[in-house]
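Dear colleague,

Please find below the structure that I am handing over to you.

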Amino acid sequence: MTDQNTTPFLSGFVAILGRPNVGKSTLINALVGEKIAIVSDRPQTTRNRIMGVRSEPGVQMVFLDTPGLHKPRTKLGEFMVRSAKGALEGIDALLVMVDATQIGGQDRQLLTDLAREPVTRVLALNKIDLLGEDKILAALADLAETGYDHIVPISAATGRGLPELLAVLRAALPEGPRYFPDDMVTDQPERMICAEIIREKALARLREEVPHGIGVEMMSMQPLSDTPNAIMEIHATIYCERPSHKGILIGKQGAMLKAIGTAARLDIEGLLGVRVSLQLWIKVREDWRNRADDLRTLGYE
């Protein structure tokens, strides 16, 4: 397609794949310029495929952030892996990420498997802000024969290397339509983003096995009146798998739940642009990650 000035309009879909905790969500937030995916230092934070849109003059890139590829142990894990692999369908470029500070055997096997994809393949060597130049050069040399069209060292956290990465991805895009309005950055409903924000704030405060076993269901979300900028009242339930986890989530005299709610409310107010009244409840739902009905209730389908 072309704009009125006959300059070809470039557009296409770029899937971002990698193992857990390599920085995919941090990268997509940086590429689209807004926080659309939650971020934590916990592996397997991203559970759904998330679409992010970057619109520039003459170019529109549609990024697909995916759950980290891993060996699933639950039905939720199986859903996450299917979601990630499903992102490979109909893409114009593949962006595979590795953590430059720890490239292991599973990373190398993943690189080998994905190098077979019949599209432009870009390897992003992330977290270079944690390495010296000599180690960056050594990693680039080590990965040179992996079968990728481009290898770009980046830091999703600091922005280093992102202009170079974007230039490589632009060059991979075909002529195409403007798939989404210029002001659209994601296809995620506000309810889903709010639920993910609550989960992010819980992840930031929880330790050991608790984070993997929590999910958030939005029960209701509505303004308290018809007046402009009315307070938005949100009710949400945080599910956990064990009674002992419920006590941890609530905390002494409710301190943990209050801290989660306060942090989440501030971010949600920033997202919605209105004051928010956030009410949270904790419920135990044992083994929900292996129950199809529970997975559907929490949006994993």
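**Findings: a sheet, its helices and an aromatic pair**

In S8, Met232 is the bridge partner of Pro223. Please note that the model is a predicted one.

The bridge between these residues belongs to the pairing of two strands: S7 and strand S8 (residues 232–240) run antiparallel and are joined by eight bridges. The sheet itself is open and has three strands, in the order S7-S8-S9, with mixed pairing. Strand S7 (215–223) and strand S9 (276–284) each have a single partner strand and stand at the edges, so one side of each has no neighbour in the sheet. On average, and with direction ignored, neighbouring strands of this sheet are turned by 15° against each other.

Two helices lie across strands of the sheet. Helix H6 (residues 190–203) lies across S7, S8 and S9, and its direction is at about 130° to S7. Helix H7 (residues 243–250) lies across S8 and S9, running at about 155° to S9.

A further point concerns aromatic rings. Searching the whole structure gives one aromatic pair. The ring centres of Phe13 and Tyr179 are 4.9 Å apart and the planes are at 65°; an angle over 60 degrees counts as edge-to-face, so this pair is edge-to-face. Phe13 is in strand S1 (residues 10–18), whereas Tyr179 is in the loop between helix H5 (162–172) and H6, so the pair ties together parts that are 166 residues apart in sequence. Tyr179 is partly exposed, its relative accessible area being 38%.

Yours sincerely

Note on methods: Residues numbered from 1 in each chain as written. Predicted model: local features only at pLDDT ≥ 70, side-chain atom pairs only at ≥ 80, totals over all residues. Heavy atoms only, no water. Pairing = 2+ DSSP bridges. Helix = DSSP H or I, 4+ residues; strand = E, 2+ residues; numbered from the N terminus. Axes fitted to C-alpha atoms, helices over the stretch in contact; angles between N-to-C directions. Contact = heavy atoms within 4.5 Å. Phe/Tyr/Trp six-rings, centres within 6.5 Å; stacked < 30°, edge-to-face > 60°. Buried < 20%, exposed > 50% of the residue type's maximum accessible area, 1.4 Å probe, protein only.
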